[in-house]
Amino acid sequence: MREGAVNRYTLKNAGLFQPNFGAKKWTNPSTTIIAVTFDGGVVLGSDSRVSAGESVVNRVMNKLSPLHDQIYCALSGSAADAQTIAEIVNYQLDVHSIEVEDDPLVCSAATLVKNISYKYKEELSAHLIVAGWDRKKGGQVYATLNGLLSRQPFAIGGSGSFYINGFVDAEYRKNMTRRESQEFVVNALTLAMGRDDSSGGVAYVVTIDKDGAEEKCVLGNELPTFFDE
Amino acid sequence: TLEACCSRAWTSCFNSTSIMAVEFEGGVVIGADSRTTTGAYIANRVTDKLTPIHERIFCCRSGSAADTQAIADAVTYQLGFHSIELDEAPLVQTAASLFREMCYRYREELMAGIIVAGWDPRRGGQVYTVPVGGMMTRQPVSVGGSGSSYIYGYVDSNYRAGMSKEECLKFTAEALTLAMERDGSSGGVVRLAVVSEQGVERQVILGNQLPKFSTV
C-alpha cells in the first residue's frame, strides 16, 4: 500500500481536520509544488505540510499523486478537493488506457484534470500540476490552475511558490540533466519552505522518464542550507 | 514570535514597490523600482524611492507614499538636529531607531515599510529594516515592498557574505528586475545608489538595459 494512500485515508476520516474547516486562511493554496522538464523526462517536487489554520495536521503528506504509471500530479490548495480530483482522474485514465489498449498520453491526463477543474471551478479550490512521460512527446508539464490548460517547460504552484518566482525565473535553463533538475527542484522547495509558513516538512521528489517513476524523500536535515542558516 | 508582516502587507498598500538593500565591506548598495500606482493608474513611472535622510544615510520607502514621505521628512529634521548637537555624523542605527519610534507609535494610522541603509564611521555599512508594524532589525540583505515576495527565494540562494561593490550592484539589479517582471505594481527603471565613506553614487538602469533572464 502506497504511503500516499495511507495518508489519504487518514485525512478523509479525520472529519474535523479537513483543511477546509472555515478559517479564511485555507482559501489560499497552502503548499509548494513544482514540476520541471529535463532532457528525457520530468521531475516533480512538493513539500509535505498540511495545515489547518495554525496547526499542522500532517507533516509528512506526499502531495505527488500517481495518475498512471508514468504520469503524476502535484496537489495544492484544498487537500480534499485536490485528492478527489486526482482519484477521479486516476479512474478515468485507467478506463481510457484499457479502451485504447495503450499507455495514456500526459496531455490526456492533463485534459481530464482541466475538465473537472473548469466545470467545478466555483466549488473547488485546488490547483494540480500534471507531469509525466509518454512515448509521443517525452517529458511534459501541464499547469491546470482554475481550469486553464497550459503546457510549460516548468510550473510552480501553491502559496510557497510566490517566494521562488524570482529564483526559478533566474535559475531555470532548458535541457538540464536529470541530476541538475533534481537539484533545481530541491533547492526551489527548500527556499520556499524557508519563507512560507504553510509549507514545510520534508521534500518529496519524483523523477519520471522512459524507464518509469522513481520516488524519493529528502529529509529535513538533508535539505540544502543557505547563507542565513 | 516577531510579527514581520511585510511580506503580506502588500495586499493593502496604496502604492506598491520593490526595494532592496545589501551591505558590503565599506558601504551599502540600495535599489528600488520606480513605479507609483493609485489603483490601476501609474501616477509616477519615474519615482525616486531612495530618499536621503542625511549625508550618508538613505531610506528606501514602500507602502503609502504619503505616509513614508511624511515620516522621512520628520526623521530628516530630527536627525539633522541630533547631528548638530553631537557635532558629528549620526549613526545609521540612530536613524533606524527614529524611524522605528515613529512607525511603532503610530502603527495603527500608518502603512509604511522602510529600509534604512547607510554608512557611518563606527560600524561601516549597515542595513536596518523597519517593516509595517514598527519592528526594527539589522540584516545583511533586506527586501521590501509588494514585489519582494517573489524574490525571497532568489535572494536567499544568491546572497553571499563578503561580496564586492560591483557584485552587490549586479545582485541588486538582477533581483529587482526579477521582482519587476513578476509584480504588476513594480516596474519602470531600476534606481541604484552606493553609500560609502566616499559619499553617494547614484545610477539609473533604464528598461532596455535591464538584465535579461532566459525565459521560455
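Okay, a definition to start: a residue is buried under 20% relative accessible area, exposed over 50%, and partly exposed in between, using a 1.4 Å probe and protein chains only. This is a predicted model, where local features need pLDDT of at least 70, side-chain atom pairs count only at pLDDT 80 or more, and totals for chains, interfaces and linings use all residues. Residues are numbered from 1 along each chain as its sequence is written, chains are lettered from A in the order in which they are written, and side-chain values use heavy atoms, with hydrogens and water left out.

So, Tyr128(B): buried or exposed? Tyr128(B) is buried, at a relative accessible area of 4%. You'll find Tyr128(B) in strand 8 of chain B, residues 124-130; strands are DSSP runs of E, at least two residues, helices are runs of H or I, at least four, and both are numbered from the N terminus.

Now the rings. Phe, Tyr and Trp rings (six-membered ring for Trp) pair if their centres lie within 6.5 Å; planes under 30 degrees apart are stacked, over 60 edge-to-face, the rest tilted. That rule gives 10 aromatic pairs over all chains. Take Tyr172(A) and Phe184(A): their ring centres sit 6.2 Å apart with planes at 55°, so that pair is tilted. Tyr172(A) is in the loop between helix 4 (165-171) and helix 5 (178-195) of chain A, and Phe184(A) is in helix 5, so the pair ties together parts 12 residues apart in sequence. Tyr172(A) counts as buried at 4% relative accessibility, and Phe184(A) counts as buried at 5%.
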